[in-house]
Amino acid sequence: SQINVGLFNNLLKRRLANEPISKIINKKYFWKDDFYVNEFVLDPRPETEGIIEETIKLIKNKQSKLKILDIGTGSGAIAISLAREFINADIVAIDISDKAIKVANKNIKNKKLNNQIQLKKATIDNINEKFDLIVSNPPYLTKKEIENASKEIKNYEPYVALDGGEDGLDFYREFSRKIYELMNIKSYLILEIGEKQFDDCREIFSLSGLNFHKKTTDLQKKDRILVYSKL
């Protein structure tokens with residue numbers, strides 16, 4: 001079979017410019033699935049699978065009719081992975097980026113999960129229902145961390161998915177003020193955080209009305225997932 005030299009050279013050039021393979025081939029593996037990705041969504045990362053793992057530990061009944069909210073769904077990877085694990089779950093996935101919504105929609109259609117996942121262009125201010133589980137991998141990099149990030153991240157991941165404000169904590173502040181109202185009794189909030197943000201997040205959520213449940217670390221032993229509950 002002939003190799004297309006022009007195409008090969010183009011792909012090589014892109015890789016040499018530090019473009020991640022996932023963005024070149026528009027595909028990234030997460031949990032148990034391949035997902036379509038492009039420059040408008042954050043690549044789902046292995047440490048984010050901690051959100052799925054913690055959900056499975058907390059909610060033993062895979063058949064339960066959970067109502068789930070995924071804030072900042074991006075590619076839809078978290079929402080789709082939860083839909084696969086909890087086949088009766090009813091999931092609302094929101095994002096503020098039109099282009100991310102397009103990508104998530106493509107992934108949801110590909111996996112034939114339209115009946116289970118409702119996609120909305122919205123912030124949490126536009127949500128008026130209550131949920132049993134709220135999950136999010138929000139933007140949590142500081143201005144300085146974005147400046148110092150690798151070319152892979154800085155040039156090929158969407159800024160809006162990285163930017164957590166000056167100190168990286170903007171979204172946690174917003175969540176701590178607003179999420180209590182969106183949670184049913186006996187519900188959980190599971191968040192990904194930056195490796196040095198545990199103490200700050202504990203502080204921020206101390207006024208949220210929620211109970212700190214646990215934190216977990218990723219494979220590099222960095223703080224990564226926070227679990228809160230509303231009892």
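Me: Which residue of strand 9 does Glu192 stand opposite?

Reply: In this predicted model, the residue opposite Glu192 is Ile225 of strand 9. Strand 7 (residues 183-192) and strand 9 (residues 223-230) run antiparallel and are joined by six bridges.

Me: Why do strand 7 and strand 9 count as paired?

Reply: Pairing requires at least two bridges between the strands. Six bridges join strand 7 to strand 9, so the two are paired.

Me: What makes strand 5 and strand 8 edge strands?

Reply: The sheet is open and has seven strands in the order 5-4-3-6-7-9-8, with mixed pairing. Strand 5 (117-121) and strand 8 (211-217) each pair on one side only, and these are its edge strands. Direction ignored, neighbouring strands of the sheet are turned by 15° against each other on average.

Me: Which helices pack on this sheet, and which strands do they touch?

Reply: Helix 5 (residues 98-110) packs on the sheet and touches strand 4 (90-95) and strand 5. The direction of helix 5 makes about 170° with that of strand 5. Helix 9 (residues 198-205) also packs on the sheet, touching strand 7, strand 8 and strand 9. Its direction makes about 15° with that of strand 9.

Me: Why is the pair of Phe171 and Phe175 called edge-to-face?

Reply: Two rings pair if their centres lie within 6.5 Å, and planes over 60 degrees apart count as edge-to-face. The centres of the Phe171 and Phe175 rings are 6.3 Å apart and the planes stand at 65°, so the pair is edge-to-face. Both residues lie in helix 8 (residues 170-178), four residues apart, which is about one turn of the helix. The structure holds five aromatic pairs, and ring pairs link Phe198, Phe205, Phe212 and Tyr228 into a cluster.

Me: How do you know whether Phe175 is buried or exposed?

Reply: Buried means under 20% relative accessible area. The value for Phe175 is 2%, and Phe175 is therefore buried.

Me: What makes Phe171 count as partly exposed?

Reply: Partly exposed lies between the 20% limit for buried and the 50% limit for exposed. Phe171 has 27% relative accessibility and therefore counts as partly exposed.

Me: What is found at the start of helix 1, and what follows the helix?

Reply: At the start of helix 1, a side-chain oxygen of Asn4 reaches to within 3.2 Å of the backbone nitrogen of Gly6. Helix 1 is followed by Asn18, which has a positive phi near 75°.

Key. Residues numbered from 1 in each chain as written. Predicted model: local features only at pLDDT ≥ 70, side-chain atom pairs only at ≥ 80, totals over all residues. Heavy atoms only, no water. Polar contact = N/O pair within 3.5 Å; in protein donor to acceptor, adjacent residues only side chain to side chain. Axes fitted to C-alpha atoms, helices over the stretch in contact; angles between N-to-C directions. Contact = heavy atoms within 4.5 Å. Phe/Tyr/Trp six-rings, centres within 6.5 Å; stacked < 30°, edge-to-face > 60°. Buried < 20%, exposed > 50% of the residue type's maximum accessible area, 1.4 Å probe, protein only.
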